[in-house]
Amino acid sequence: MDRLRSEARSRVAIGVIGPPDLVEQIMMIGADLPAAADWRLVGAPLAGEHETYEKFSKIADTIDVVLFTGPLQYDLARQAGELPVPATFVPMSGASLYAALLRGVLNEGIDPARVSIDSLPAADVEEAYSEIGISTASVQVSSYDQPESARGFAGFHEQLFRRGATTAALTTIRSVAKALTASGVPVLRVLPTSHTLRLALNTAALLGTGSRLEEAQIAIAVVELAASARPSYSGPGNYWQQELKLSLHQSLLADARVMGATVTPRDENAYVVTATVGALAQATDGFRVAPFMDRIRSEAGVPVEVGIGLGTTARDADANALVAVEKARNAGAAAAYLVGGDGTVLSLPLRQRRRAEAEPVIATKGAKLLERLIGGLGDGPEALVVDAEIVADVLAIAPRSARRVLQSLAEEGLAWPMPPVKGSQAGRPRQPYRLVRP
């Protein structure tokens, strides 16, 4: 019995939170994967989205990482309170549309050219329809941005259907589907593909492993100029090359400084960034987006290839990073690639800016708030590390509002979430953030 308990503790515990049908599907897929012996799945099905944080709180002490079945559940949990364990979610993409449209055509007789679709990005819908050769001229899309946007999905679909503009609604959200069915609107659930669920489980396992190993596991990123951006000749007389190297180095240092990472030249066209898995997880939103690439493109104006390797030794991590950067090179610098210590390969796409980040008015408010916050703190780099209690005291607001302020600053790139700090007393771990000076 003791041996079994020890084995259970050695496996990464992954909490799965979402609608019952998706939780069950993920549990079944996870049990059949080759890596199933390395993890333990803890299901927490929801009767409604309002239960998300409550369900999470009940299992938080028994898991190493939490996998939400979609961005809505993930955002609802983050809005309700701090998450003491790493968290990720199953992404929604255009690939999920195919099965839903096929079911609609064969079983419901809908016209796929006249439907309303929620949650999915308009670009993904356009790409999916282009691949099946159907125009999107009469396809209505309402993309997901924040939980507030999801509250209007049912009304969006019903209004279009009542006007005769659409023949059916396609939604990723179970509660929206139930509301539309009750209103007599033909509706189809858009569910993630099995491939997407497998990738999400692997991502969650990586996060959980990194959380357990903490500083013991090393992450090495190789960042090199794409072939199209390299100078035709190199040498000390090529001043453009020297300026480009300096700009690339400065951009990497800006991100590495926040991560507590080191940056060293690898050759004329590449740098090596060495960090811990925990710091890298923070920088990539839980292994969901590529690090470094956005800043380098905007500041240096050049594309780069990014390969990330994980390992318990620097040699293993470096070897995996070289494999990963080769994959990024073959993909045309369109995404970063990560190779884990067990050989797991993940593609990390470029970060898609949230609507709030694209609005200059909101960004200005965030910058002013950051300036006010920094002005109320002391001098020195240690003063830039804050938590909800400190922010509440400086801004004279409630702790709950302070947590939302910090999350908003983090989404705008003005603060960086650091690993949670467990206190001596029982309760929620303290979540520190490092403020980023403009």
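The following questions and answers examine a predicted model of a protein chain.

Q: How many helices and strands does the secondary structure of the chain come to?
A: The chain has 438 residues, and 47% of them count as buried. Its secondary structure is made of helices and strands, and the totals are 18 helices and 17 strands.

Q: What share of the contacts between residues at least 6 apart in sequence join residues at least 24 apart?
A: The contacts considered here are those in the chain between residues at least 6 apart in sequence. Among these contacts, the share that joins residues at least 24 apart is 62%.

Q: How many bridges join strand E9 to strand E12?
A: Strand E9 covers residues 218-225, strand E12 covers residues 304-311, and the two run antiparallel. The number of bridges that join E9 to E12 is 8.

Q: Which residue in strand E11 stands opposite glutamate 224?
A: E9 also pairs with strand E11 (residues 270-276) in the antiparallel sense, over 7 bridges. In E11, the residue opposite glutamate 224 is alanine 270.

Q: How many of the 8 residues of E9 are buried?
A: E9 is largely enclosed by the rest of the structure, because the count of its buried residues is 7 of the 8.

Q: Is threonine 284 buried or exposed?
A: Threonine 284 lies in the loop between helix H12 (277-283) and helix H13 (293-299). Leaving aside neighbours within four places in sequence, this threonine is in contact with Val289, Pro291 and Leu348. A polar atom of its side chain also lies 2.9 Å from the backbone oxygen of leucine 280. Buried means under 20% relative accessible area, and threonine 284, at 0%, is buried.

Q: How far is alanine 290 from isoleucine 308 in space, C-alpha to C-alpha?
A: Alanine 290 is in the loop between H12 and H13, and at 5% relative accessibility it counts as buried. Not counting residues up to four places away in sequence, alanine 290 touches Ala336, Leu348 and Pro349. Alanine 290 and isoleucine 308 are 18 residues apart in sequence, and their distance in space is 9.7 Å.

Q: Within what arc do the buried residues of helix H17 fall, seen down its axis?
A: The buried residues in H17 (residues 388-395) include Ala388, Val391, Ala392 and Leu395. In an α-helix there are 3.6 residues a turn, so residues three or four places apart point the same way. The buried residues of H17 line one face of the helix, because they fall within an arc of 100 degrees.

Q: Which exposed residues does the face of H17 turned away from its buried side carry?
A: At the start of H17, a side-chain oxygen of aspartate 387 reaches to within 3.2 Å of the backbone nitrogen of glutamate 389. Glutamate 389 belongs to the face turned away from the buried side. The exposed residues on that face are Glu389 and Asp393.

Q: Which residue in E3 is the bridge partner of isoleucine 17?
A: Another open sheet has 4 strands in the order E2-E1-E3-E4, with parallel pairing. Within this sheet, strand E1 (residues 12-18) and strand E3 (residues 65-68) pair over 4 bridges. The bridge partner of isoleucine 17 in E3 is phenylalanine 68.

Conventions
Residues numbered from 1 in each chain as written. Predicted model: local features only at pLDDT ≥ 70, side-chain atom pairs only at ≥ 80, totals over all residues. Heavy atoms only, no water. Pairing = 2+ DSSP bridges. Buried < 20%, exposed > 50% of the residue type's maximum accessible area, 1.4 Å probe, protein only. Contact = heavy atoms within 4.5 Å. Arc of directions from axis to C-beta. Polar contact = N/O pair within 3.5 Å; in protein donor to acceptor, adjacent residues only side chain to side chain.
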